[in-house]
Amino acid sequence: MPNVIEIDNLRKSFSVKLKGRITMVEAVRGITFSVSSGEIFGFLGPNGAGKTTTLRMLTTLLSIDGGKGAICGYDLVRQPKEVRSHIGYVSQLGGADLGATGRENLFLQGRLYGMSRYDAEKRTNELLNVFELTEMADRIVRTYSGGQKRRLEIAMGMMHRPEVLFLDEPTIGLDPQNRTNLWQQIRKLQKEGMTIFLTTHYLDEADILCDRVAIIDFGKIVVEGTPLELKNRISSDVILIRFSKERIEQAKKLFDTINFINESVVEGENIYLFVKDGAQVLPHIFEILKNNGLQMQSVTMTSPSLDDVFLKYTGRSLHDTKEGIA
């Protein structure tokens with residue numbers, strides 16, 4: 001399939017005040033990737049990794065400091081108007097007028113894109129039906145549930161039938177049921193031929209929803225591939241062993257000498273062991289620890305997750321990362 005998004009060495013820096021001094025901080029540090037037509041492509045990373053900054057550059061809302069990019073064949077810098085006519089964008093904060101009805105929000109969006117009154121009304125009714133909003137169409141948006149409001153905002157982003165839809169943390173703040181419902185709506189859009197670019201820090205969202213994922217951290221893409229490919233790059237199993245603070249360094253040195261352990265990563269009082277066959281090697285690990293006088297506090301074994309991928313490539317868990325520049 002042809003690529004609808006082509007990004008090469010994209011960069012963005014901001015001046016921030018740190019300890020009383022103005023300094024430049026690189027939020028996006030030379031990222032390169034492409035997205036195929038009809039694909040759901042996800043940026044997975046913690047808050048402050050550069051996801052939203054990248055997305056705002058791709059949607060022409062933020063200037064580009066370096067590199068180049070094209071969407072639907074149009075240059076981000078030289079042809080921003082053409083880019084905007086081919087994309088839809090739904091930010092984390094949404095954008096719906098809370099004091100207007102859902103129908104009014106959609107109709108106004110259509111008129112802003114230059115639709116005639118007839119076409120705007122027709123498209124409004126279509127989207128109300130697609131996103132199952134017909135029953136609450138004439139209610140004030142302030143009365144909508146989180147899931148209903150988010151569906152309306154995505155419908156607004158689709159009003160002009162864009163080729164590419166950008167979703168920034170589409171399910172943030174939603175309960176599990178509403179998240180699942182929204183995933184189903186996004187999948188329906190893909191089946192109709194739409195290309196979707198989304199950012200998320202939810203591991204399950206990236207794993208279930210995305211065809212391909214780029215893990216981004218500190219403004220750089222550290223690894224990219226399908227969720228299955230990324231998990232298969234680790235090993236067959238992941239063993240997590242918890243030790244006391246006094247024993248963690250000794251245990252790490254010991255595990256680094258064992259040839260059937262492909263890799264070990266320390267995070268706090270936990271050691272993650274990446275192995276080929278956890279069920280087979282676990283008894284040997286117990287025996288080695290016993291012979292070396294090392295007592296563990298707990299042990300668990302799982303199949304690799306995207307969090308394990310993040311841990312392997314960044315040295316820390318996605319669950320424990322802190323906020324920074326978006």
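How many bridges join strand E11 (residues 237-242) to E14, and in which direction do the two strands run? Five bridges join them, and they run antiparallel.

The model is predicted, so that local features need pLDDT of at least 70 and side-chain atom pairs count only at pLDDT 80 or more, while totals for chains, interfaces and linings use all residues. Residues are numbered from 1 along each chain as its sequence is written, and side-chain values use heavy atoms, with hydrogens and water left out.

**View 1. The open sheet of four strands.** The strand order is E12-E13-E11-E14, with antiparallel pairing. Strand E12 (261-267) and strand E14 (298-302) are the edge strands, each pairing on one side only. On average, neighbouring strands of this sheet are turned by 20° against each other, direction ignored. Strands (E, at least two residues) and helices (H or I, at least four) are DSSP runs numbered from the N terminus; two strands pair if DSSP finds at least two bridges between them.

**View 2. Helices H10 and H11 on the sheet.** Helix H10 (residues 278-291) packs on the sheet and touches E11, strand E13 (270-275) and E14. The direction of H10 makes about 25° with that of E11. Helix H11 (residues 306-314) also packs on the sheet, touching E11, E12, E13 and E14, and its direction makes about 100° with that of E13. Axes are lines fitted to C-alpha atoms, for helices over the stretch in contact, and angles run from 0 to 180 degrees between N-to-C directions.

**View 3. The crossing of helices H3 and H5.** The axes of helix H3 (residues 102-112) and H5 come within 9 Å and cross at roughly 20°. H3 and H5 are therefore roughly parallel to each other (angles under 35 degrees). The contact (heavy atoms within 4.5 Å) is made by Gly102, Asn105, Leu106 and Gln109 of H3 and by Leu152, Ala155 and Met156 of H5.

**View 4. Arg142 in the loop between H4 and H5.** Arg142 lies in the loop between helix H4 (117-130) and helix H5 (146-157). Arg142 counts as exposed because its relative accessibility is 59% (exposed means over 50% relative accessible area, with a 1.4 Å probe and protein chains only). Leaving aside neighbours within four places in sequence, Arg142 is in contact with Leu98 and Gly99. Arg142 and Leu98 are 44 residues apart in sequence and 4.7 Å apart in space, C-alpha to C-alpha.

Notes:
Buried means under 20% relative accessible area, exposed over 50%, partly exposed in between (1.4 Å probe, protein chains only). Angles under 35 degrees count as roughly parallel, over 145 as roughly antiparallel, 65 to 115 as roughly perpendicular and the rest as oblique.
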